[in-house]
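Let's take a walk through this structure together. Have the sequence and the 3D view open, and follow along as we go from one spot to the next.

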Amino acid sequence: MAISTISSAGLATGGIGRSNMYTGAVLQVVSVSSTTNTSTTSSSFVAVTNLTASITPSSATSKILVQVNMNIFGQSVNSEAVATVYRAGVNVTAPEGLADVYAGSTDIIQQAPMLYLDSPATTSSTTYAVYFKRTQGSSSIQSSLRGTTNTITLMEIAA
């Protein structure tokens with residue numbers, strides 16, 4: 001890779017510019033945190049309240065790295081829950097989700113981190129949201145018990 005020099009005048013007049021960024025560079029970051037609790041007994045995916053973020057890619061070839069840090073709580077033996085990421089209302093990860101938490105003989109109280117690299121192929125505002133569902137057990141599952149903080153972070157990556 002060739003080394004480029006950017007003058008202070010160039011920075012003062014608008015920064016580095018997309019054409020000077022290398023593949024893999026982080027072009028922008030959007031992050032949303034929430035302590036709002038979502039509770040469900042559904043076996044179908046349900047949106048986690050307030051865990052939604054939007055980003056407008058600067059190029060249709062950009063990738064969006066979606067990083068989620070969330071907690072899942074359940075109060076029954078043999079409880080299981082899964083979480084996933086949706087783009088514009090469509091599950092873009094796996095049919096059964098990205099994160100799977102299970103508790104055999106105790107309650108579920110686990111982190112469910114997720115990392116997904118998406119290729120939205122657009123320069124329009126794009127919304128990502130976290131969804132989860134109960135897959136086993138009889139009680140509800142919850143996303144933010146006792147005020148824990150859940151976060152979704154979107155990073156536009158130059159391609």
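## Starting at Asn71

Leaving aside the neighbours within four places in sequence, Asn71 is in contact with Gln110, Gln111, Gln142, Ser143, Thr148, Thr149 and Asn150. Before we go on, keep in mind that this is a predicted model. Is Asn71 buried or exposed? Its relative accessibility is 12%, and buried means under 20%, so Asn71 counts as buried.

Asn71 is found in strand β5, so let's look along that strand. β5 covers residues 71-74, with Asn71 and Phe73 pointing one way and Ile72 and Gly74 the other way. All of these residues are buried.

Which strands does β5 pair with? One is β9 (residues 108-111), which pairs with β5 in the antiparallel sense over four bridges. Here you can find Asn71 again, with Gln111 of β9 as its bridge partner. Another is β12 (residues 141-142), where the pairing with β5 is also antiparallel and runs over two bridges. In β12, Gln142 stands opposite Phe73.

With neighbours within four places in sequence left aside, Met70 is in contact with Val48, Leu51, Ala83, Gln110, Gln111, Ala112, Met114, Val130, Phe132, Ser143 and Asn150. Met70 also belongs to the largest nonpolar core, which has 24 residues. Which of them touch the most other members? They are Met70, Ile72 and Ile152. As for where the core residues come from, at least two are supplied by each of β3 (46-55), β4 (63-69), β6, β8 (99-103), β11 (126-136) and β13 (150-157). β3 gives the most, with four residues. Apart from this core lies another one, made of five residues, including Phe45, Val82, Tyr86 and Ala129.

Next, find the open sheet. Its four strands come in the order β1-β13-β4-β10, and the pairing is antiparallel. Why is one side of β1 (26-34) and one side of β10 left without a neighbour in the sheet? Both strands stand at the edges and each has a single partner strand, so there is no neighbour on one side. On average, neighbouring strands in this sheet are turned by 15° against each other, if you ignore direction. Zoom in on β4 and β10, and you'll see an antiparallel pairing over five bridges. Within it, Val68 has Met114 in β10 as its bridge partner.

While you're looking at β10, there's one last stop. How many salt bridges does a search of the whole structure find? It finds one. In it, the side chains of Arg87 and Asp118 meet, at 2.6 Å from N to O. Arg87 lies in β6 (residues 79-87) and Asp118 in β10 (residues 114-118), so the pair ties together parts that are 31 residues apart in sequence. How do the two ends compare in accessibility? Arg87 counts as partly exposed, at 24% relative accessibility, whereas Asp118 counts as buried, at 3%.

Definitions and conventions
Residues numbered from 1 in each chain as written. Predicted model: local features only at pLDDT ≥ 70, side-chain atom pairs only at ≥ 80, totals over all residues. Heavy atoms only, no water. Buried < 20%, exposed > 50% of the residue type's maximum accessible area, 1.4 Å probe, protein only. Pairing = 2+ DSSP bridges. Salt bridge = Lys/Arg side-chain N within 4 Å of Asp/Glu carboxyl O. Contact = heavy atoms within 4.5 Å. Core = buried A, V, L, I, M, F, W, Y, C linked by side-chain atoms within 4.5 Å. Axes fitted to C-alpha atoms, helices over the stretch in contact; angles between N-to-C directions.
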